[in-house]
Amino acid sequence: MSDVDDFIPVAGPSITDREVGYAAEAARTAWYQNHNVFNARFEALFAETVGVKHAVSLPHCTAGIHLALAARGIGAGDEVIVPDVTWIASVAPVDYVGATPVFVDSLADTWCIDPDAVEAAITERTRAIIAVDLYGSMADWARLRALAEKHGLFLLEDSAEALGSTWHGRQAGSLGDAWVFSFHGSKTVATGEGGMFVTSDDALHARVMTLRDHGRPPGDRLFLNTEVAFKYKMSAVQAALGLGQMERFDELIEHKRRIFAWYRDRLSGLQGVSLNAEPKDTTNSYWMVTIVPDADYGLDKFAIMDGLKERNIDSRPFFSPLSTLPAYADRPESARFLPAAPRAHEIARLGVNLPSGYHMDEAKVDRVGAALEAILRRS
Ligand SMILES: *Cc1c(COP(=O)(O)O)cnc(C)c1O
């Protein structure tokens, strides 16, 4: 391979003069009475794009999950049902509020939380479901919604990986009680670090606005805090980057989908390799192109990653089940509804995220495809 010295990173943003210009303008002007101008523009454009009433810019998505749980008064003695296989940020805030995460299995095709498993795990202590739109796939929103309504549960969608994905023509973020997004540098829209909480529920929004500003109701100028709370705000320079990114939203999502299409075509000759799903009536914004090769290949994710690394290609392992991590060792109450052999564990054992950043062009996808072919066929 002639270009083997060219390292291919796994993720990264698309930053143009538009974002750089806004960031410079924010550094110069977003002070005094204009300190919130870029945050307000970013939030307004985000809310309009996603199709919700309220968007609240945050330092990261984890803050959004923490605020959502706190705003609903979820705490000690409460249980929150979560997928066992997700990034730990989806679940860690359950501990922040003193509640108990309850891990359940995921579906084989979308890799998102299994509604049947959710239903089986509901107890009299259950207060909320956190569904995660994993690697761009949409969770089974209709069934989750019905379950949440039937049992009076709060439905929070962690859409950190699915900005731009749609469900029956509606954007991720417009369907549940509340949704959260991440703008970490690896995500579809990037501000370096950053997050957004969105909802169309006025009361929930008002509660989040107070909780995220040390218990100051919006408009308080006299520092008369009404309770002890948190401080979660995004800086103006980050919001300026986000505004530029959201003005390029269609272009960014199109680019993500093009990268996936190149991979799909390039890998179509490999038998028994599943890619991110796009079930009927949904579109996938393919945050991370992910392969799950059949177990018959006899290679787990770490072996495939080693093979890619030897060829100077970066990759990531499919998230490992939280119930198997040291962080959640000794938490039998959290794992009590997991089946003996969860589907998600096998997927998580085999799956690998391929380079999917905006630096990917067709030639780079070809190179990754050829490498995968050689690794899987051991040629
Ligand atoms: C990235 C990510 C988060 C957390 O985002 P931060 O902005 O880093 O807090 C949460 N959930 C999922 C599924 C993610 O991929």
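## Overall fold

Helices (H or I, at least four residues) and strands (E, at least two) are taken here as DSSP runs, numbered from the N terminus. Counted that way, the chain of this predicted model holds 13 helices and 14 strands. Its radius of gyration is 21 Å, close to the 21 Å that the globule rule gives for 379 residues, so the chain is as compact as a globular protein of that length.

If you like to picture dimensions, the C-alpha trace spans about 70 × 55 × 35 Å along its principal axes.

Let's look at packing next. Of the 379 residues, 57% count as buried. Among contacts between residues at least 6 apart in sequence, 72% join residues at least 24 apart.

As for charge, the chain carries 37 positive and 51 negative side chains. The centres of these two sets lie 3 Å apart.

Strand β6 (residues 166-167) pairs with β7 in the antiparallel sense over 2 bridges. Within this pair, Thr 166 stands opposite Gln 171 of β7. In general, strands of a sheet pair through backbone hydrogen bonds, either parallel or antiparallel.

Technical notes:
Residues are numbered from 1 along each chain as its sequence is written. This is a predicted model: local features need pLDDT of at least 70, side-chain atom pairs count only at pLDDT 80 or more; totals for chains, interfaces and linings use all residues. Side-chain values use heavy atoms; hydrogens and water are left out. The radius of gyration is taken over C-alpha atoms; the globule rule is 2.2 Å times the number of residues to the power 0.38. Buried means under 20% relative accessible area, exposed over 50%, partly exposed in between (1.4 Å probe, protein chains only). Contact means heavy atoms within 4.5 Å. Lys and Arg count as positive and Asp and Glu as negative; His and the chain ends are not counted. The place of a charge is taken as NZ of Lys, CZ of Arg, CG of Asp or CD of Glu. Two strands pair if DSSP finds at least two bridges between them.
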